Amino acid sequence: MSNIIITTGNEIPEKKVTEILGVVKGSTVRARNVGRDIGAGFKSLVGGEVKTYTEMTMNARDEAYNRMVNEAIDLGADAIIGVRFTTSMVMAGASEMLAYG
């Protein structure tokens, strides 16, 4: 795999942006399942972290991130700056995780 610099910053110390290849992005849509919803419902009664949703969100974030990096590599980029994550509900019970930079 390529050594690509990835940062949330808008610049990289001691590096100069010489060419902008465009915005790169990666996304995934994840749906909840009944088993997780039942467990989350019980957890909401007593409070605390809903670990199954935390894990699902982490996996979605990783997948979106990897897709963004692969798009940058395909473009021949050596860095991605200004990286951000966002999420949105696509439909009831399904959300998109988007990484872009």
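The legends below describe close-up views of a predicted model.

**View 1. The open sheet of strands β2, β5 and β4.** Three strands form an open sheet in the order β2-β5-β4, and their pairing is antiparallel. Strands β2 and β4 (84-91) stand at the edges with a single partner strand each, so one side of each has no neighbour in the sheet. From one strand to the next, the twist averages 20 degrees. Helix α2 (residues 51-75) packs on this sheet and touches β2, β4 and β5. The direction of α2 makes about 155 degrees with that of β2. Strands of a sheet pair through backbone hydrogen bonds, in a parallel or an antiparallel arrangement.

View 2. Strand β4 is joined to strand β5 (residues 94-100) by seven bridges, and the two run antiparallel. Threonine 86 has leucine 98 of β5 as its bridge partner. For phenylalanine 85, the bridge partner in β5 is alanine 99. The hairpin of β4 and β5 has two residues between the strands. In this hairpin, glycine 93 takes a positive phi near 90 degrees.

**View 3. Threonine 28 in strand β2.** Threonine 28 belongs to strand β2, which covers residues 25-31. Seven bridges join β2 to β5, and these strands run antiparallel. The bridge partner of threonine 28 in β5 is methionine 97. Threonine 28 has a relative accessibility of 9% and therefore counts as buried, the cut-off being under 20%. A polar contact of 3.3 Å links the side chain of threonine 28 with the side chain of arginine 30. Leaving aside neighbours within four places in sequence, threonine 28 is in contact with Ala60, Glu63, Ala64, Arg67, Ser95, Glu96 and Met97.

View 4. The 25 residues of α2 should span 36 Å at 1.5 Å a residue. Buried residues in α2 are Tyr53, Met56, Ala60, Ala64, Met68, Val69 and Ala72. An α-helix has 3.6 residues a turn, so residues three or four places apart point the same way. Two of the buried residues of α2, Ala60 and Ala64, are also among the contacts of threonine 28. Glycine 76 follows α2 and has a positive phi, near 85 degrees.

**View 5. Leucine 21 in the loop between β1 and β2.** Leucine 21 is placed in the loop between β1 and β2. With a relative accessible area of 37%, leucine 21 is partly exposed. Apart from neighbours within four places in sequence, leucine 21 is in contact with Leu75, Gly76 and Ala77. One of these contacts, Gly76, is the glycine that follows α2. Leucine 21 and isoleucine 80 are 59 residues apart along the chain, and their C-alpha atoms are separated by 9.9 Å.

**View 6. Glutamate 14 in the loop between β1 and β2.** Glutamate 14 lies in the loop between β1 (5-6) and β2. Its relative accessible area is 85%, so glutamate 14 is exposed, for which the cut-off is over 50%. The phi of glutamate 14 is near 65 degrees, a positive value in a residue other than glycine. Most residues other than glycine have a negative phi.

Notes: Residues are numbered from 1 along each chain as its sequence is written. This is a predicted model: local features need pLDDT of at least 70, side-chain atom pairs count only at pLDDT 80 or more; totals for chains, interfaces and linings use all residues. Side-chain values use heavy atoms; hydrogens and water are left out. Helices (H or I, at least four residues) and strands (E, at least two) are DSSP runs, numbered from the N terminus. Buried means under 20% relative accessible area, exposed over 50%, partly exposed in between (1.4 Å probe, protein chains only). A polar contact is a pair of N or O atoms within 3.5 Å; within protein, one must be able to donate a hydrogen and the other to accept it, and residues adjacent in sequence count only if both atoms are side-chain atoms. Contact means heavy atoms within 4.5 Å. Two strands pair if DSSP finds at least two bridges between them. Axes are lines fitted to C-alpha atoms, for helices over the stretch in contact, and angles run from 0 to 180 degrees between N-to-C directions. The expected span of a helix is 1.5 Å times one less than its number of residues.
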